[in-house]
Structures are given as structure tokens and as C-alpha cells.
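Student: Could you walk me through this model? I'd like to go spot by spot.

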Amino acid sequence: MAEVQLAPITVGGRDGRFARTLVWVGGAILVVAALAAIFAPLLSKWGPTEIDPSGTLAPPGGSHLLGTDGNGMDVWSRVLHAGRIDLGIAVCAVALAVVAGTVLGLLAGYLGGWIDDVLMRIVDIFQAFPTFILALAVAALLGDGFGNLVITIALVNAPAYARLVRAEVRTLREMPYVDAAKTSGVSTAGILWRHLLPNSLTPVRVIAPLNCGWAMLTLAGLSFLGLGITVPTAEWGSMISLGTSDVVAGRWWTSVPPGLALLVCVLGFSLLGEGLQERADARRR
């Protein structure tokens, strides 16, 4: 009987092509958004807080590509400059959450015992509340401002990373290479840094882009309610809030463009995260 050989499943198959497509499309969207935010002063002749006294609530066209808002500020310029705030806060907050959550997860997962119990009970307290409600409470306590909003969003995201890394470390600490490192006299810090940390970050790399999109929605929600970035600083959530009443009157340009910008960026992060998830699943299969 002829021997039947099964072709290995690789990331280069259909699933792999789909994953690469998602990653490329999501990455392209985010690169374009980032470049537009970086070069915002070159893409508009108006400043984000510059007022045109003769053009209050002017419709799109003429010297204002997307019209002006109720304060006479150029909507196109504000949409571009708001990308710096929204993307910057989202990325910084998720990066801080990853660092804090990873450190807690490493310590809890590897050391175990009372350290694990104490850290996980603290995590349980934070996760007992709905994330946006917790963000509202923390934002009200800390106040607005770039730094405080980064801390607020990072604080409500960090517990999820702590649990994720802890679960990975609890599995990895039983692996033979960890026992070999202990036998060789490697310190606890060395084991955590060189052996456990690199191998426990795979799920974190998948979840982080998705959380960036969630962080942008959280920031927009806080600003919409007046607890985030406030006028006159350009931010998509506050722009949507400011233009809500204008939509009813038919002046869609004050809130629809920032809403679409937020939608596109969140879509980009979602596609990137889904692509990384598909790639990881294809490799496991």
C-alpha cells in the first residue's frame, strides 16, 4: 500500500492569505491616518483653533473643504489635528496597559502563592465594574488632560493583560527549559526576562491592536460626555458632541466627518487585530 503523505498546513494557505490581507489593509488604513495627522499643518491652511469670523457654520466648499463649526473653526483642519490626540492617547494608553499588565501577570503567574492571590484579587476588583463605567469614574477623579486620560484608559485595560499573561506564564513555568534554567543557577529575574516574557507575549500582540480601537472609542465617549478632551482642542469625540444639534438642523458637516474618521481608524485597528489573530490560529493548526 502506497504511503499517504499529508501536506503540512502552513500560514501560506488560504487562511494565511486572508490573514495577510487583513493585516495589510488594516495597517494601510492606520498608516494613512497617522500620516494625515502628522502632516496636518501642511494639509490645511487653517489652524485647528483658528476662527473665521465670516464663516460660522459655513457649508463645505470654498476656503473650507469641510465647512466650519458653530465657532467658525475649520472642520477639515480639526479632523486632521484631532487624529494626533486620538491616535496618540490610544497607542500610549494601550502601551502603558501592556507594560503594567505584563509585569503583574509575570509576577503572579511565576511566583504564585500569596503574591498571586493578592494581585489577582486587585485585578478582580477592577474587572468587577463595566469598563466604560470604570473609565468614567477614574476620569472624573483624575480630570482631563493628555496624561490623565492615558492613565485612565490604561488603568481599565491593564487587568485584562495581567490575566492573559498570568495564564500563559502558569503554563510556561512547567516547561523543561525553565527547569533547566533554574538548575543552571539563573536568577528569577533572568528567567522572567529571558525565558517567560518573550514566550508569553504572543496573545498580547494579538489583543493590543483591538484594544487600541476600543481605547479610541473610550476616549471619544469620555470627550462626548465632557470628561475627556474639551473644546477648543480638536478631538473627534468632542467634535461629535459639539455638532450633535447641528445634524438635526441639516448641518451634517460639523459631526459626520469626525465620526467617519473615528470609524475608519477603529476599523483599521480591528482589521489589524483580526489579521494577527487569524495568522496565530493558522500557525496553531
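Student: Let's start with Leu 57: buried, exposed or partly exposed?

Tutor: Leu 57 counts as partly exposed, at 23% relative accessibility; buried means under 20% relative accessible area, exposed over 50%, and partly exposed in between, with a 1.4 Å probe and protein chains only. One caution: this is a predicted model, where local features need pLDDT of at least 70, side-chain atom pairs count only at pLDDT 80 or more, and totals for chains, interfaces and linings use all residues. Residues are numbered from 1 along each chain as its sequence is written, and side-chain values use heavy atoms, with hydrogens and water left out.

Student: Where does Leu 57 sit?

Tutor: In the loop between helix 2 and helix 3; helices are DSSP runs (H or I, at least four residues), numbered from the N terminus. Phi of Leu 57 is near 55 degrees, a positive value in a residue other than glycine.

Student: OK, what about the peptide bond from Val 231 to Pro 232?

Tutor: That bond is cis, with omega near 15 degrees. Pro 232 lies in the loop between helix 9 (202–224) and helix 10 (236–242).

Student: Switching topic: where is Leu 42, and is Leu 42 buried or exposed?

Tutor: Leu 42 is in helix 2, and Leu 42 is exposed, with a relative accessible area of 70%.

Terms used. Helix = DSSP H or I, 4+ residues; strand = E, 2+ residues; numbered from the N terminus.
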